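Please read it alongside the sequence and the coordinates.

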2 protein chains.
Amino acid sequence: MWGIKLYRNSDVSLKRQIYLAVRDMIVQGNLPPGEVVPSSRQLARDLNVSRATVNEALDMLNVEGYIVSSQGAPTRVAQGIMLDPPTDAAPRTQKEGPPDFAADFRTGQPELRLFPRYAWQQISSETLGGMSSALLGYTGPQGLPALRNEISLWLYRSKGLSVDAQDIYITAGATHALSILADLLYRESQEIWFEDPCNIEMLQTFINKGYRIRPVPVDECGMQTDHLGGQSSGPVYVTPSHQFPLGGILPADRRAALIRYARTNDSYIIEDDYDSEFRYYGDSVSPLYAMDPDRVVYVGTFSKVLFPALRIGYAVVPRQLQQSWGRLRTHTDVQNPPFEQAALAEFLHTRKFDRHIGKMRKIYGERRQVLLASLHDQFGDDWRSWGDAAGLHLAVEFPGACFDEAFRQRTRQDRIRITPLDYHSIQKGLHANKLLFGYGHLEPDEIRDGIMLLHAYLKDHGYL
Amino acid sequence: MWGIKLYRNSDVSLKRQIYLAVRDMIVQGNLPPGEVVPSSRQLARDLNVSRATVNEALDMLNVEGYIVSSQGAPTRVAQGIMLDPPTDAAPRTQKEGPPDFAADFRTGQPELRLFPRYAWQQISSETLGGMSSALLGYTGPQGLPALRNEISLWLYRSKGLSVDAQDIYITAGATHALSILADLLYRESQEIWFEDPCNIEMLQTFINKGYRIRPVPVDECGMQTDHLGGQSSGPVYVTPSHQFPLGGILPADRRAALIRYARTNDSYIIEDDYDSEFRYYGDSVSPLYAMDPDRVVYVGTFSKVLFPALRIGYAVVPRQLQQSWGRLRTHTDVQNPPFEQAALAEFLHTRKFDRHIGKMRKIYGERRQVLLASLHDQFGDDWRSWGDAAGLHLAVEFPGACFDEAFRQRTRQDRIRITPLDYHSIQKGLHANKLLFGYGHLEPDEIRDGIMLLHAYLKDHGYL
């Protein structure tokens with residue numbers, strides 16, 4: 001009948017197979033409008049299925065308006081449904097698999113192999129088991145109170161920062177916090193000041209939202225705040241604890257200048273404290289936030305400290321922005337899932353978190369020393385490192401060298417992943433003699449081999 | 001010394017306490033610029049701590065630029081740091097606790113008490129244990145391949161919909177998918193067609209992004225597609241399987257009209273299939289997506305089927321939009337966490353998902369019957385229900401009644417949560433005689449008691 005082929009072992013029920021076949025014929029015009037639909041008895045016999053099955057299929061077609069039945073008249077194909085067939089689907093963009101790098105100095109990647117998987121798993125299972133049913137429903141845009149409380153305690157014991165748990169808003173990571181802020185602050189200003197160079201991915205978040213970017217140059221001490229003001233009164237994005245990518249610590253007078261700028265212009269400072277947990281000499285730097293909680297939005301993340309896939313970060317939000325933040329989050333992605341939040345709260349509560357940071361700080365510090373020694377072994381004295389002894393990457397200057405986008409692509413093709421610092425520049429060319437070495441995710445041998453390989457490569461290709 | 005008080009049992013180290021105290025005095029101007037800092041020996045003696053502790057505190061102050069030491073000269077307080085104290089923090093917005101409702105007919109809330117917690121917990125633990133370390137890192141914006149694959153299989157077996165797993169993009173729920181789409185499509189059109197009435201929360205997502213809204217009236221069969229075109233060529237948001245909130249199934253000719261509109265205007269149809277899993281008569285309605293995968297973005301969610309806090313939804317994205325989608329997601333919130341994705345994939349794979357839906361469809365169907373019977377018991381024949389026998393809510397018309405925003409607020413104060421349908425209207429007043437009853441989360445007795453209470457309330461307050 002009508003050339004319908006039924007597959008009796010399919011996951012799709014027979015009635016739905018009949019429905020789909022008839023529907024497609026109607027849409028494609030093979031069953032023209034007004035055509036009489038055979039009786040269910042005849043269809044059942046021809047297709048060798050029960051009348052009940054056919055009736056269910058016809059019911060579906062009828063309910064969805066493909067066929068029209070009226071009292072006393074035969075059932076017919078409805079009007080106005082025929083469509084030209086879709087054009088051939090556009091080809092899918094070819095997705096490249098991750099290339100296999102012989103040396104991989106990418107930045108922003110913590111050591112995943114040393115994460116205490118088992119402890120995390122146990123905590124996850126326990127918190128999942130003890131979770132109330134109410135937490136499976138909507139629990140609001142701010143995040144679990146237990147986690148906010150633990151973050152507040154941790155900010156105090158690790159950075160001496162007093163923050164009320166009620167001012168903390170959980171997000172799906174730092175990028176997400178910035179994305180919410182970008183939407184939130186856009187109503188007041190469509191311009192934003194950004195360090196140059198900066199994390200170009202974070203910059204992209206603001207560009208995507210339609211912001212006009214005002215670059216502020218960076219020196220060894222971070223953002224040169226005397227460039228602020230005049231042209232624009234927009235918010236300022238800054239990484240004061242460890243400038244990305246140059247590594248400076250913003251000094252007190254510039255911090256005070258930022259606060260004065262924000263107060264004068266009724267604007268905000270966005271403080272991205274992306275990896276301040278890992279400082280290898282002295283204590284972690286105190287957040288700018290403490291200087292004026294009404295003018296600074298402090299953004300923190302657990303991606304670098306624990307693992308990126310956790311997708312938990314937070315913002316300490318000035319009170320006058322909190323209501324808008326909550327509403328905006330509700331209409332963006334509603335809330336974080338509660339499971340990782342509960343597990344992380346427990347991880348903090350039991351201080352497993354502090355111990356993990358202590359352990360990793362030691363390991364990352366050693367790896368940093370290996371990197372510095374390897375650079376010295378291979379490059380002698382023809383380089384200097386920038387910035388504070390902190391974080392998971394090192395910015396290195398090679399006087400006279402020039403590392404541009406072509407260099408980045410060429411090295412990648414040759415299975416070396418290394419980022420020219422200029423990649424993160426807004427105004428290109430000012431930092432073309434610097435390379436960024438991410439080392440946190442590499443074992444000492446991987447670092448040594450990678451530097452050896454890179455040195456040979458640079459020599460062979462005339463970059464040195 | 002300087003009135004510094006140290007707390008020896010604090011979580012904050014002594015060196016940081018000294019640092020914080022001195023820093024605050026400098027910022028507040030109590031230690032003026034140029035003031036000589038006492039020697040570490042003197043400070044140590046006065047504060048009764050070790051010289052090493054004082055030196056570490058002074059190091060921090062020095063590194064962060066609060067004090068300046070130079071060879072052969074005494075250490076002094078740096079210039080330009082003094083700030084006026086912050087104005088008193090803005091009062092925090094009072095957050096109301098969830099009120100305790102005597103009758104709670106809110107919509108969009110599944111029954112959480114019957115979710116198979118134990119099975120989910122077991123699957124979560126197992127998948128967490130078996131997860132590779134690589135999944136703790138960044139795994140890209142599209143979502144876990146295993147989950148996309150299982151969703152593809154499930155769409156086929158439950159709706160007869162053929163979708164390549166490579167065209168599925170995981171999101172943090174339906175709202176999140178719409179939020180990404182709103183950003184993505186804004187580049188091409190700043191207007192969007194919306195059903196009126198619609199889910200007013202979803203509408204808000206587009207309003208927040210700056211869209212101009214073009215309302216399209218809805219009748220018992222869903223969106224009246226003959227209103228499209230002319231003024232605008234923007235995308236169309238539609239709920240064809242079960243119009244929210246009126247409950248109609250969009251008939252085939254209007255579906256074809258939507259496709260023709262999108263083709264003619266080089267635009268897109270956003271199909272929100274928010275609760276099509278629960279249909280109590282016949283099979284679930286086939287998605288519009290099948291008619292033209294290049295013109296329809298299909299949005300699905302697991303919030304209603306499993307539980308809202310899961311925060312997993314998905315979109316089936318036309319190929320020409322996929323690259324932009326991936327880039328945008330990367331700069332918004334990067335990706336979903338992998339844990340729930342892996343657990344959900346396994347839940348689908350083992351068909352525990354299908355069994356849960358089957359079980360809940362039966363329970364929700366019974367509750368719907370209880371609701372209809374209770375309405376009949378209390379209100380006699382003075383009402384009629386709208387829409388198809390599907391979903392987790394019922395739209396009920398009470399001829400002659402008028403339920404407005406004042407009614408909504410008044411009932412809430414009187415501990416009855418019920419939504420006037422007009423709340424979800426763009427043009428207010430057209431549906432003022434209808435109420436929405438969410439029933440999925442209520443046990444039969446709760447439904448009966450709630451309807452009795454509501455009936456008495458409406459009588460007492462002159463609404464009937």
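The sections below cover the model, the interface, the sheets, the salt bridges and the backbone exceptions.

## Model and annotated domain

The structure is a predicted model. In chain A, residues 12-80 carry the UniProt annotation "domain: HTH gntR-type", which comes from an unreviewed entry. This span is 51% helix and 6% strand.

## Interface of chains A and B

The size of an interface is often given as the accessible area lost when the parts come together. For chain B and chain A, the buried area is about 8900 Å², with 51% of it on carbon and sulfur atoms. Chain B contributes 116 residues to the contact, and chain A contributes 117 residues.

Polar contact across the interface of chain B and chain A involves 43 residue pairs, both residues being at pLDDT 80 or more. On the side of chain B that touches chain A, the residues divide into 46 nonpolar, 37 polar and 33 charged. There are also 8 salt bridges across this interface. One of the salt bridges pairs A:Asp283 with B:Arg16, where the closest N and O atoms are 3.5 Å apart.

## Sheet in chain A

Strands of a sheet pair through backbone hydrogen bonds, either parallel or antiparallel. Chain A has an open sheet of 8 strands with mixed pairing, in the order β4-β11-β10-β9-β8-β5-β6-β7. At the edges of this sheet stand β4 (168-171) and β7 (222-223) of chain A; each has a single partner strand, so one side of each has no neighbour in the sheet.

Within chain A, strand β8 (residues 236-238) and strand β9 (residues 269-272) run parallel and are joined by 3 bridges. In this pairing A:Val236 is opposite A:Ile269 of β9(A).

## Sheet in chain B

In chain B, 8 strands make up an open sheet in the order β4-β11-β10-β9-β8-β5-β6-β7, and the pairing is mixed. The edge strands of chain B are β4 (168-171) and β7 (222-223), each pairing on one side only.

Strand β5 (residues 191-196) of chain B runs parallel to strand β6 (residues 212-219) of chain B, with 6 bridges between them. B:Phe194 is placed opposite B:Pro215 in β6(B).

## Salt bridges

Over all chains, the structure holds 60 salt bridges. Among them is the pair A:Arg212 and A:Glu191, whose closest N and O atoms are 3.5 Å apart.

## Backbone exceptions

Most residues other than glycine have a negative phi, and most peptide bonds are trans. Where does the model hold a cis peptide bond in chain A? A cis bond joins A:Asp196 and A:Pro197, with omega about 5°. A:Pro197 is in the loop between β5 (191-196) and α7 (200-208) of chain A. In chain B, a cis peptide bond joins B:Phe244 and B:Pro245, with omega about 5°. B:Pro245 is in the loop between β8 (236-238) and α8 (252-264) of chain B.

A:Arg351 has a positive phi, near 65°, although this residue is not glycine. The position of A:Arg351 is in the loop between α10 (338-349) and α11 (352-379) of chain A.

Definitions and conventions: Residues are numbered from 1 along each chain as its sequence is written. Chains are lettered from A and ligands numbered from 1 in the order in which they are written. This is a predicted model: local features need pLDDT of at least 70, side-chain atom pairs count only at pLDDT 80 or more; totals for chains, interfaces and linings use all residues. Side-chain values use heavy atoms; hydrogens and water are left out. UniProt positions are given in the numbering used here, feature names are shortened, and annotations may be inferred rather than shown by experiment. Helices (H or I, at least four residues) and strands (E, at least two) are DSSP runs, numbered from the N terminus. Contact means heavy atoms within 4.5 Å. Buried area is the accessible area (1.4 Å probe) that two parts lose on being put together, summed over both. A salt bridge is a side-chain nitrogen of Lys or Arg within 4 Å of a carboxyl oxygen of Asp or Glu. A polar contact is a pair of N or O atoms within 3.5 Å; within protein, one must be able to donate a hydrogen and the other to accept it, and residues adjacent in sequence count only if both atoms are side-chain atoms. Ala, Val, Leu, Ile, Met, Phe, Trp, Tyr, Cys and Pro count as nonpolar, Asp, Glu, Lys and Arg as charged, and the others, Gly among them, as polar. Two strands pair if DSSP finds at least two bridges between them.
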